[in-house]
Amino acid sequence: MSLTVNEKIADGNVYILEMKGFIDTSTASVLEDELKKLFLERKTKVVIDLAGTEFVSSSGWGAIVGYLKKMQQGNGDIKLAAMVGKVEKVFKLMEFDSFIESYAAVDQAVQSFKA
Amino acid sequence: MEKQFCIELAAESKNLMAIRRFFLATAKDIIPADDAGYLEVCLNEVCENIIRHGYEIKEHGKINIKVQFGKKDTRITVIDWGKPFDPLSYETMSNEELVKKGIKGKLGIRTIKKICDKIYYERLKNKNKLVMIRKHRKEKNRPV
């Protein structure tokens, strides 16, 4: 298993990227390509579902950070959902929670775009 | 009593998962899962740097990893035979700067510095040696 992405659409033109596997330098381009594709299609409201992601390295965080401002400038955002414990611990340790919203469940992340 | 484990693999990104699994298997039942998870990230970051920057693209060198679980700390020594590369000399950026500039790199070194208590780099003849040390936390779930 490396990294697979399943794209879904939810209410309110929110796009969900369901990631399964791990995100390191060998797979980060999969996520980056998906974010690039959505951005170019002006689909800027994005939820990344990390429930099936067992590991995220700086390459993965970098891909998200690299597109965060672009999505926000396009009236959208990138929000994270359902991080597994060990991924969430690093997310918080690096204080990414100060500028990237995260939610326990995908539905909550989707709903937050309506707020 | 100290426990020590070693592995040597080709410096290729396809081996990163094997490196992470090696570390987690050695750490299991010796250090708390939280600490193992943090150090897994550090080891991965160092190896990613070696693969991406230490060796030339077509040059398949090796990475040698030694993990030592001591009474007071865990020590990970990583050796490679690539070009001189001191990750500690690289400037790190704040989260604000990273987001503002949309920079996708430079996070790995910051992660290592945040997790490890001590980091040493040495250039020895034709190889790089990086040592990362993280002291054992007293409480199993103590926040970092």
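Predicted model: local features only at pLDDT ≥ 70, side-chain atom pairs only at ≥ 80, totals over all residues.
## Helix H2 of chain B

Helix H2 of chain B covers residues 33-54. This helix is mostly covered, since 17 of its 22 residues are buried. One of its partners is H4(B), residues 107-115.

The crossing in which H2(B) passes H4(B) is left-handed. From H2(B), the contact draws on B:Tyr38, B:Val41, B:Cys42, B:Glu45, B:Val46, B:Glu48 and B:Asn49. H4(B) answers with B:Gly108, B:Thr111, B:Ile112 and B:Ile115. Sorted by class, the residues of this contact are 6 nonpolar, 3 polar and 2 charged.

## Where the two chains meet

H2(B) also takes part in the meeting of the two chains. In total, 24 residues of chain B are in contact with 25 residues of chain A. On the chain B side, helices H1 (16-27), H2 (33-54), H3 (95-101) and H4 (107-115) each supply at least two residues. The most comes from H2(B), with 8 residues. The side of chain B that touches chain A is evenly divided by class, with 8 nonpolar, 8 polar and 8 charged residues.

## Helix H2 of chain A

Now to the helix numbered H2 in chain A, which runs over residues 58-73 and has 16 residues. Its first and last C-alpha atoms are 23 Å apart, close to the 22 Å expected at 1.5 Å a residue. Along the way, H2(A) bends by about 30 degrees at A:Tyr67.

Why can H2(A) be called largely enclosed by the rest of the structure? The reason is that 12 of its 16 residues are buried. They include the run from A:Ser58, A:Ser59, A:Gly60 and A:Trp61 through A:Gly62, A:Ala63, A:Ile64 and A:Val65 to A:Gly66, A:Tyr67 and A:Leu68. A:Met71 is buried too. After the helix comes A:Asn75, with a positive phi near 65 degrees.

## Positive phi in two loops

Most residues other than glycine have a negative phi. A:Arg42 is not a glycine, yet its phi is positive, at about 60 degrees. This residue sits in the loop between helix H1 (28-40) and strand E3 (45-56) of chain A. In chain B, B:Lys125 likewise has a positive phi, near 45 degrees. Its loop joins strand E4 (118-124) and strand E5 (127-135) of chain B.

## Buried or exposed?

The cut-offs behind the last column are 20 or more for buried and 12 or fewer for exposed.

| Residue | C-beta neighbours inside 10 Å | Counts as |
|---|---|---|
| A:Arg42 | 10 neighbours | exposed |
| B:Lys125 | 5 neighbours | exposed |
| A:Leu40 | 8 neighbours | exposed |
| A:Ala109 | 25 neighbours | buried |
| A:Leu80 | 24 neighbours | buried |

A:Leu40 belongs to helix H1 of chain A. Its C-alpha atom is separated by 18 Å from that of A:Val5, 35 residues away along the chain.

A:Ala109 is found in helix H4 (residues 106-112) of chain A. Between A:Ala109 and A:Val5, which are 104 residues apart along the chain, the C-alpha separation is 18 Å. Setting aside residues up to four places away in sequence, A:Ala109 touches A:Val47, A:Lys79, A:Ala81 and A:Tyr103.

Which residues does A:Leu80 contact, leaving aside its neighbours within four places in sequence? The partners are A:Ile48, A:Leu50, A:Ile100 and A:Ser102. A:Leu80 itself lies in strand E4 (residues 77-81) of chain A. From A:Leu80 to A:Ala104, 24 residues away in sequence, the C-alpha to C-alpha distance is 8.6 Å.

Conventions
Residues numbered from 1 in each chain as written. Chains lettered and ligands numbered in written order. Helix = DSSP H or I, 4+ residues; strand = E, 2+ residues; numbered from the N terminus. Expected span 1.5 Å × (residues − 1). Bend = angle between axes of the 7 residues up to and from the residue. Contact = placed C-beta atoms within 7 Å. Nonpolar A, V, L, I, M, F, W, Y, C, P; charged D, E, K, R; others polar. Left-handed = near helix turned anticlockwise from the far one by under 90°.
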